[in-house]
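The sequence and the model are shown first, and the notes follow by topic.

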Amino acid sequence: MKGYKLIKPFTLEESETEDQPLNGITSKVRLTKSLITLSDVLRYNGEIDANEVVLGSVGLGVLSETDENLLDLEKGNRTYIEPSRECNECYNCKKGEAEKCSNVQIAGEDYDGFLCDFAVARTEKLYALPDSVSDTEALFINHISLAVSLFDKLNIQKGDYVSVIGANNFGNIFAQLLIYYQAVPIVLTSDEESMASAKKSGIYYVLGPNDNWQKEVSTITSGRMTDKVVYIADCNIPVVKAFSLASFGGAVAFTGFSGKTGAVSFMQAVKKQLDIHCINNDFRYTAASINLLANKAINFSFLKINNCTYKSIPETLKKLNEELETTGKINETIVNLI
Ligand SMILES: [Zn+2]
């Protein structure tokens, strides 16, 4: 396998590596596309601790080697690879309940990610992609499965008002899914460009930097405020805003990644007796996410997505890191690997 490995912060090296042996039935995928996300940039600049591995959070490709006896996957299938592995070492894994693994390994951080030519994975981690799901859409399966986790953990119901703080691609996708499930998103963002994309994507309530959020949310909800608030970590908005938009006894969920740390005052959260949740990706929802894409639950036309080539990976990561330093955000970038 040939790919771009992170040797130390800010240093990528193109190198050949042996495939790591895995338990169970494995398959090999010729990778065609990968997605560089904020997590990759934070690994690149050292804010997230990563092993010496190939970066690339998400990938898809064409199945090139697999067991002949598999029913639902054939050589040549366009295939998505779930970017996680169970540790096989924790208490739950040893008990045979790997789905409850307490130390899930993440592609591009704990083991080699997808900025390379081939990936080997346990066959149960592979999903044949239906023709109706484009490559670009499939690269966001991980975003969608995080959104579905939020629905599940916050028990979001039809008709619920949900404040979504941050309007990056994830915030936009999550808000569109809220509409799909007949909940009512109120998207809040400090940035005009994301505000425009959110509106174009069909989200009705979008508040920007010049709005009085607390007052507007109160008006929209007839004074009740929102029972559920989702705060996306890299939105560059003070956390205390999340508490101010929640109803008494409501739930606030933190999700997403950010290298920034800052002091947070929990005074309002305590006063309002809020439930605080921290929600990370849950890999049980891959199949459900593919299904949502096949049903066209999300419009990708107005998301901000850049493109680059395999050769330009080092330069792209360097540029994305500069972008992060100057603007506090990045444009997720699709890498065309062939
Ligand atoms: Zn485990």
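How are helix 4 and helix 10 oriented to each other? In this predicted model, the two helices pack at an angle of about 110°, and since angles of 65 to 115 degrees count as roughly perpendicular, helix 4 and helix 10 are therefore roughly perpendicular to each other.

**Domains**

- The protein chain is divided into two parts: domain 1 covers 2-140 + 300-336, and domain 2 covers 143-279.
- Between the C-alpha centres of domain 1 and domain 2 there is a distance of 28 Å.
- To the contact between them, domain 1 gives 11 residues and domain 2 gives 13 residues.
- On the side of domain 1 that touches domain 2, helix 1 (residues 38-44) supplies the largest share, with 3 residues.
- That side of domain 1 consists of 5 nonpolar, 2 polar and 4 charged residues.

**Helix 4 with helix 10**

- The axes of helix 4 and helix 10 (residues 286-294) are 9 Å apart.
- From helix 4, Ile141, Ile144, Ser145 and Val148 take part; they meet Thr286, Ala288, Ser289, Ile290, Leu292 and Leu293 of helix 10.
- By class, the residues of this contact are 7 nonpolar and 3 polar, with no charged residue.

**Helix 4 with helix 5**

- Helix 4 (residues 141-154) also packs with helix 5 (residues 169-180), at an angle of about 55° and with the axes 9 Å apart.
- This angle makes helix 4 oblique to helix 5.
- The crossing of helix 4 and helix 5 has a right-handed sense.
- Helix 4 contributes His143, Ile144, Leu146, Ala147 and Leu150 to the contact, while helix 5 contributes Asn169, Phe170, Ile173, Phe174 and Leu177.

- Six strands form an open sheet in the order 12-11-10-13-14-15, and their pairing is parallel.
- Strand 12 (205-207) and strand 15 (275-279) are the edge strands, each pairing on one side only.
- From one strand to the next, the twist averages 20°.
- Strand 14 (residues 246-255) pairs with strand 15 in the parallel sense over 5 bridges.
- Ala253 has His277 in strand 15 as its bridge partner.
- Helix 5 packs on the sheet, where it touches strand 10 (161-165), strand 11 (184-188) and strand 13 (226-232).
- The direction of helix 5 makes about 160° with that of strand 11.

Conventions:
Residues numbered from 1 in each chain as written. Predicted model: local features only at pLDDT ≥ 70, side-chain atom pairs only at ≥ 80, totals over all residues. Axes fitted to C-alpha atoms, helices over the stretch in contact; angles between N-to-C directions. Helix = DSSP H or I, 4+ residues; strand = E, 2+ residues; numbered from the N terminus. Parallel < 35°, antiparallel > 145°, perpendicular 65-115°, else oblique. Left-handed = near helix turned anticlockwise from the far one by under 90°. Contact = placed C-beta atoms within 7 Å. Domains from an automatic or database assignment. Nonpolar A, V, L, I, M, F, W, Y, C, P; charged D, E, K, R; others polar. Pairing = 2+ DSSP bridges.
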